[in-house]
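Keep the structure open beside you as you read.

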Amino acid sequence: MKPRKNTKRVPSFRKLLRTSKIKLDNKLKNKQYKQQSAAKKYRKEQKKLREAVRDAISRKPFPLEECKKKQVAEKREEEEEDALPLDMMDEDDLKLMEDLAQKASFLTRDLSSNEPVHVKKRKHESVIDKYEKVPRRMQTEPEKELIHLLPIKDKGGIIPQTREKPVLNVAQDEEEDMEEMEEAEDFDEEPLPVLTPEEMAAQRRQKLQERKMHIAALASAILSEPDNNIKKLKELRAMLMEQDPNVAVIVRKLVMVSVMEIFKDIAPSYKIRPLTEAEKATKVKKETQKLREFEEGLVSQYKFYLENLEQTIKDWKQRKLKKSNVISLKAYKGLAEIAVKCLCELLVALPHFNFHNNIIVLIVPLMNDTSKKISELCCEAVKKLFKQDKLGYASLGVVKVISGLVKGRNYSVRPEVLKVFLHLRIKEVELQKDSEDIAPKKKFMTYKEKRKNLSRMQRKWKKAEEKLERELLEAEASESKAKKLKLHTETLNVVFVTYFRILKKAQKSPLLPAVLEGLAKFAHLINVEFFDDLLIVLHSLIASGGLSYRESLHCILSAFHILSGQGDVLNIDPMKFYTHLYKTLFSLHAGGTNDDVGIVLQCLDVMFAKRRKQVSQQRALAFLKRLSTLALHVLPNSSVGILATNRVLMQAFPKMDLLLDNESQGSGVYLPELDEPEHCNAQNTALWELHLLQRHYHPTVQKFASHLIVGAPTEGSGALSLELSQRPATELFEAHSMREMTFNPPVASVTPRRKDTFSQMDSFIDEELNKQFQQHIRETAAHKPLDFAKHLEESSLS
């Protein structure tokens, strides 16, 4: 006979959903009650066990049972001796005593007995009296909860079953737990060994060395086989929660840096996207599945790591300590700095990887942080990102977040936040074409050309070859020029919107110098429609008188950058900007304004070298004379830059040699105090300053002065060397700077020949002195021998 199969079916999910909610609640309540009862029972058993042990220790030994029996027997004998004999009593008296014995009363009752009085009477009490004697419950007493049991079903229907739930005294349980803990501490407490400071330091070094070895082992295992050991990254990241207060700070810093370096090494060069449902459902090879698991684990661990860094920075910003109090607030600042460094490294190293926009959102607000160190770290990281970003995606994201930050803070941010715009690569990319755009594109043969020139077999091979070439081109193709220009245009739009908002709404903001400097760099890329309005705003800023000298120079530079680019088509004469620069040139000197000479040289280059056709001869002569006078009042590097600019003016404008002649040209007298370059009669003066500059202590200044005094020739004996003639004025200004306390060219040291000469002179003087001394001794000895002996003794003592 075949065994019968188990036909009981597993209940479906829908059937389980139809299960009574009351039944599920009853199961949950019963389960909780059992757990509480078991815990309470266990506590009571432990308490009884401890009491039994305590009593066994403190209890005195009881007397033996035999001794007890002897004592009882002796007591009875004494009572019998004291009692009267029955034969001495009458029968009536004896009967009376027996009747009294039957009726218990307080006179005949044995007071040593514990038996209650009138025991028999209680059995006949009425039901009402019993009910009245029952103690009443107060109304404030909470009602007892009922435990709902499984119902019983009979012929009459379903009979619900309940039971009162015993009330647990929470306060009493807590007291019992406290007593148990105190008793356990009394039994288990042992005095900890007291360590000396040397032993504590050695113990700390040992713990720290163990943690370092563990971090190194995990990191090397992950780097050797990232696919197989990606789970160890979680173990390494868990060390960010180190709880040992002696080594917690150092261990957390080491783990932060180690995990950051690991991600920089093992992160792929592409962005990992999440898989779709269809991709998850399809079957793939083992290698593909392994790669998917690795990428999924890598992205999740990277996300958790960034969250840990963000939480560390937030805790420091909010001055918030964890409940464990493992790390102090002072140590949290160091942890936050390390976290910011890690974020900055990841921002620069992994601009293509996941969560890069999240890192940007974290870093950009920290550029405006009150801590100077953290602000500089973030600004430097953004500058590096701008310099190395060839495509423009990351730069666009950072510029958008900075623009939102400036607007959200109502333009009250540090100027360094806006100065990072100067490091954008837009100008370089616009000016320099990529090699792939210059190179001719590969042309493939059409179908008609193949049919006409190639056989069938050749067409087949040609088709395969062209397919392979197309795949290679797609693999090697970089971003096209059109796409780059689109990204750069969008980035510049955000930058100019930020600049124009500040010019319009916050002209007295400390951000204005950074705005003017940025406009001076990117002004040639502004749309022509905004030129008139922008020039009016710049001139109004200069005329207001509220700008510093450096800010006014940036205004002038911005205006001429606008006019030198697309502004060539506009018929605008910026005479007011020429006049302002000519008027304020003597504000420069050898003190604090010496660094502003670099901006002045840039302005002069744009105003004269690039606009020579729009500049009159009188204006050029006036600037040449005033610049020559200024070269006497500034530091040597500024003098070299100014004289290099004068050389460009003399070569660009042919009649500048008028100032090298002593005879006046035309009517009028030179008016050096006049602020209008067109009307100061500069043609009636001479460049006498060059004769003074020929005697300057700096050799380069002497060379330039001698070169200019002969008319700045390009050939012959008066020509400059190639090293000086081919370098622009701004570059010469920086090259001869003494900011680092160095002199260019270096000062020649004393030659060894002079040292030999000095030594020979010293030896010659010593010989002459010795000769004179010996001659004096001979003369003294010849004339006065006694006096000579006395003199010799005194000289020896001295």
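Predicted model: local features only at pLDDT ≥ 70, side-chain atom pairs only at ≥ 80, totals over all residues.

## Helix 15 and its neighbours

In helix 15, the buried residues are I374, S375, C378, C379, A381, V382, K383, L385 and F386. These buried residues pack against helix 12 (286-317), helix 13, helix 14 (356-366), helix 16 (393-408) and helix 17 (415-419).

Helix 15 itself covers residues 372-388, which is 17 residues. From its first C-alpha to its last it reaches 25 Å, close to the 24 Å expected at 1.5 Å a residue.

## Helix 13

Helix 13, one of the partners of the buried residues of helix 15, runs over residues 329-349. Its 21 residues reach 30 Å from the first C-alpha to the last, close to the expected 30 Å. Is helix 13 mostly covered or mostly uncovered? Mostly covered: 15 of its 21 residues are buried.

## Helix 27 with helix 25

Next, take a look at helix 27 (residues 597-609), which packs with helix 25 (residues 549-564) at an angle of about 25°, the axes lying 9 Å apart. Angles under 35 degrees count as roughly parallel, so helix 25 is roughly parallel to helix 27. Their crossing is left-handed.

On the helix 25 side, the contact is made by Y549, R550, L553, H554, I556, L557, F560, H561 and S564. Helix 27 brings I599, V600, Q602, C603, V606 and M607 to this contact. By type, the residues of the contact divide into 10 nonpolar, four polar and one charged.

## Helix 27 with helix 26

Helix 27 also packs with helix 26 (residues 575-584), here at an angle of about 140° and with the axes 12 Å apart. That angle makes helix 26 oblique to helix 27. The crossing of helix 26 and helix 27 is left-handed.

Which residues make this contact? They are F577, Y578 and L581 of helix 26, together with C603, L604, M607 and F608 of helix 27. The contact of helix 26 with helix 27 has seven nonpolar residues, no polar ones and no charged ones. If you compare the two lists for helix 27, you will find C603 and M607 in the contact with helix 25 and in the contact with helix 26.

## A buried loop histidine

Finally, find H696 in the loop between helix 30 (689-693) and helix 31 (699-709). Is H696 buried or exposed? H696 counts as buried because its relative accessibility is 15%, and buried means under 20%. Leaving aside neighbours within four places in sequence, H696 is in contact with P636, V701 and Q702.

Terms used: Residues numbered from 1 in each chain as written. Heavy atoms only, no water. Helix = DSSP H or I, 4+ residues; strand = E, 2+ residues; numbered from the N terminus. Expected span 1.5 Å × (residues − 1). Buried < 20%, exposed > 50% of the residue type's maximum accessible area, 1.4 Å probe, protein only. Axes fitted to C-alpha atoms, helices over the stretch in contact; angles between N-to-C directions. Parallel < 35°, antiparallel > 145°, perpendicular 65-115°, else oblique. Left-handed = near helix turned anticlockwise from the far one by under 90°. Contact = heavy atoms within 4.5 Å. Nonpolar A, V, L, I, M, F, W, Y, C, P; charged D, E, K, R; others polar.
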